[in-house]
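Thank you all for making the time this morning.

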Amino acid sequence: MDETQIASLLKSSDLFPLPQSLKLSYGTAGFRGDATLLASTVYRVGILSSLRSLKLAPSTIGLMITASHNKVSDNGVKVSDPSGGMISQEWEPFADQIANASSPQKLVSLIREFVEREEISIGGGGEGEVWLGRDTRPSGEALLRAAEIGVSSVSGCVAVNKGVLTTPQLHWMVRAKNKGLNATEKDYFESLTTSFKCLIDLIPFNKSSGSKLVLDGANGVGGEKMEVLKGYLSNLDIEIRNTGRDGGVLNENVGADFVQKEKVVPLGFGVNDVGVRCVSFDGDADRLVYFYLSSGEKKIELLDGDKILSLFALFVKEQLNVLDDGCCRLGVVQTAYANGASTDYLKGLGLEVVFAKTGVKHLHEKAAEFDVGIYFEANGHGTILFSEDYVTLLVDKRKELSEGSDEYNAVSRLVAVSNLVNQAVGDAISGLLLVEVVLRHMGWSVQKWNELYKDLPSRQVKVEVPDRTAVVTTSEETEALRPLGIQDAINGEIKKYRRGRAFIRPSGTEDVVRVYAEATTQEDADSLGDSVAQLVKSFLGSS
Ligand code: G16
């Protein structure tokens, strides 16, 4: 790194001093926290994104400003690799180091060491490009400006502001750009629309627009973008609520995280919606869950990520059965939060089920090992990955089949699904479209879909503690290794309940320890959840 570059970094970092006592970690999905404290972090992630782009030159990197399901006063930043997936985990320790560097001098010295070690050529004629996106949070615009300054303080790198987007849109666009494909937001909508229409046309004797679907947009970017998509689609009857324009607050008593955790109706939904098929997005539209009201009460019937996964698995498997394709390796990936009944159901279908740690980056990696890998977290974050080789094989196979035959149609459906579902990350918009296709294909109502299996009653609790990092778990997060003795105590509680299961883990996006409990009755699941939460408080103290 030459003197001009060092001077440029020192000058720009002076604009973004690190707030006192700020300690951040890249976490489950990037850096998150109180938006008023994040300018220095976002600026530094801008620098990191430029370095990543130069390291993988020629490449475009994505930088998204969002705190997804967190409260509106929070914000965050995450980085996408050229593939559209999350940045390589090998770079996370460097992200942590620079985010926490106490002075501009320390920051520059860390960057200098890293650039040398990684052999990144700055100013050597290579060009870097970082595409920036943000969700609808009011703090987003100023943080995006900080990111721009960070990106352009690395010589030869440019920031391209793509404006307000859903997280999956930015990932999709980055992936398309690096593959040399059309990569605008319009291209995203057109690609989804084309594959959706193709799948609808492949449903025999069904050209209706289906019964009405009502969307809860979490007062975030997802509702806004669905309104745009609606303009492209003629065969989807959808009503969009909680768009954020009617004074509602982002994620406050609305959205996928609220609906999935609390299992009650979001604001804006009520007695008039009994029996109607409803869907909730989260704040940046990378998660979705379906639900319906079975009575006028607030309680809902929830169809979470596990049920969406089961529906998709059934559909994909049906197509593979038509092809009699024994050589396609189809697998599903879940986390410890998956309801035990869903895992039993998927195994009952004869599917290979593997488990990963919480965080899409972990699930994505495992799903990519299959020809067709379906991953979903219970919270509604997931997608279907098709290996490029398998898609090529399908396209070649179709050439040998007679048009309109069952096999031809099955291949066409699989190819269209691979184009519809986001190959980079979980995407609420494309997930919604695929659920709608599969329900119409099966001729199922949301109630019929819900009958695939019955969830075991479960309960989730958040516990605020002085230091959540005191909880250390095994790699699959099913057992706590620290604090010493807590796992034995949890096991003691689990034993008291039939089909009892419980675990704790530190959240990577909120300052809490999460507790998950499951048992054969809701009363037992609640009681197990509460007693494990009590154990967390007694081992770690309450804050
Ligand atoms: C992020 C991750 C998800 C994860 C969720 C909660 O979601 O992308 O994979 O399940 O956080 O993580 P934790 O339990 O560690 O707080 P989002 O939608 O907030 O980006």
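This is a predicted model: local features need pLDDT of at least 70, side-chain atom pairs count only at pLDDT 80 or more; totals for chains, interfaces and linings use all residues.

Let me start with helix α2 (residues 39-55), which lies across β1, β2 (60-65), β3, β4 (128-134) and β5, and which runs at about 165° to β2. Helix α5 (residues 140-152) packs on the sheet as well, touching β2, β3, β4 and β5, and its direction makes about 165° with that of β5. Contact here is between residues whose C-beta atoms, placed from the backbone, lie within 7 Å, while axes are lines fitted to C-alpha atoms, for helices over the stretch in contact, with angles running from 0 to 180 degrees between N-to-C directions. Helices (H or I, at least four residues) and strands (E, at least two) are DSSP runs, numbered from the N terminus.

Residues are numbered from 1 along each chain as its sequence is written.

The sheet itself is open, with 5 strands in the order β1-β3-β2-β4-β5 and mixed pairing, where two strands pair if DSSP finds at least two bridges between them. Its edge strands, each pairing on one side only, are β1 (31-34) and β5 (157-164), and the twist averages 20° from one strand to the next. Strand β3 (residues 74-80) pairs with β1 in the antiparallel sense over 4 bridges, and D74 in β3 is the bridge partner of D34.

Now to the ligand: which residues are closest to it? Among the 18 residues that surround the ligand, the closest are T28, S68, S507, G508 and T509, a residue being near if its C-beta atom, placed from the backbone, lies within 6 Å. This shell divides into 2 nonpolar, 10 polar and 6 charged residues; Ala, Val, Leu, Ile, Met, Phe, Trp, Tyr, Cys and Pro count as nonpolar, Asp, Glu, Lys and Arg as charged, and the others, Gly among them, as polar.

Strand β7 (residues 238-241) pairs with β6 in the parallel sense over 4 bridges, with R241 in β7 standing opposite D216.

There is also an open sheet of 4 strands, ordered β12-β11-β13-β14, with mixed pairing, whose edge strands are β12 (352-355) and β14 (382-386). Helix α10 (residues 305-323) packs on this sheet and touches β11, β13 (372-376) and β14, its direction making about 165° with that of β13.

Finally, the whole protein has 18 helices and 19 strands. Its radius of gyration is 23 Å, close to the 24 Å that the globule rule gives for 543 residues, so the protein is as compact as a globular protein of that length; the radius is taken over C-alpha atoms, and the rule is 2.2 Å times the number of residues to the power 0.38.

Note on methods. Two residues are in contact if their C-beta atoms, placed from the backbone, lie within 7 Å.
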